[in-house]
Amino acid sequence: MRHGHETKRDPLYPMKVIEISCLEVWREISNFLDGEAHFKVCAHCTAILDGTKNVVKLVGDGVEYQMPEGFSKRLYDKIKAK
């Protein structure tokens with residue numbers, strides 16, 4: 001893959017244009033289609049995919065969310081307890 005130029009979308013989060021060849025797409029399309037078929041029958045993988053999409057959406061929107069008071073301490077305590 002060759003990396004192209006940065007877009008002018010947002011100077012804080014520059015995005016790279018990635019160029020791929022038709023051959024690379026052709027090689028991967030079968031994996032993509034197999035994955036699509038798998039998600040139709042596997043609830044576990046579908047849940048993981050949906051969760052990943054949600055994380056990508058939340059991270060990508062650039063909005064910061066305030067955690068409830070005491071959240072950090074409760075999280076730390078749970079991690080420490082394990």
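**Layout of the fold**

I began with the elements and found three helices and two strands in the protein. I kept in mind that this is a predicted model. Reading from the N terminus, I get the order β-β-α-α-α.

**Surface and burial**

Next I asked myself how much of the protein is buried. Buried residues account for 1% of the 82 residues, where buried means under 20% relative accessible area. I then looked up the accessible surface, which comes to about 8,100 Å². Carbon and sulfur atoms hold 63% of that surface.

**Helix 1 against helix 2**

My next entry concerns helix 1, residues 22–41, and helix 2, residues 43–60. How do their axes cross? They come within 6 Å of each other, and the crossing angle is roughly 110°. Angles of 65 to 115 degrees count as roughly perpendicular, so I put helix 1 and helix 2 down as roughly perpendicular to each other. I also noted the hand of this crossing, which is left-handed.

**A nonpolar patch**

Which element gives the largest share of the patch? I found that helix 3, residues 71–81, does, with three residues.

How many salt bridges does the count come to? I get one. The partners are Lys-73 and Asp-77, and their closest N and O atoms are 2.9 Å apart. The cut-off for such a pair is 4 Å, so the 2.9 Å of Lys-73 and Asp-77 meets it.

Why are these two residues about one helical turn apart? Lys-73 and Asp-77 sit four residues from each other in helix 3, and that spacing makes about one turn.

I also checked the cover on each partner. Lys-73 has 57% relative accessibility, so I list this residue as exposed. Asp-77 has a relative accessible area of 34%, which means that I list this one as partly exposed.

Key. Residues numbered from 1 in each chain as written. Predicted model: local features only at pLDDT ≥ 70, side-chain atom pairs only at ≥ 80, totals over all residues. Heavy atoms only, no water. Axes fitted to C-alpha atoms, helices over the stretch in contact; angles between N-to-C directions. Parallel < 35°, antiparallel > 145°, perpendicular 65-115°, else oblique. Left-handed = near helix turned anticlockwise from the far one by under 90°. Buried < 20%, exposed > 50% of the residue type's maximum accessible area, 1.4 Å probe, protein only. Areas by Shrake-Rupley, 256 points an atom, 1.4 Å probe, with all protein chains shown as cover. Salt bridge = Lys/Arg side-chain N within 4 Å of Asp/Glu carboxyl O.
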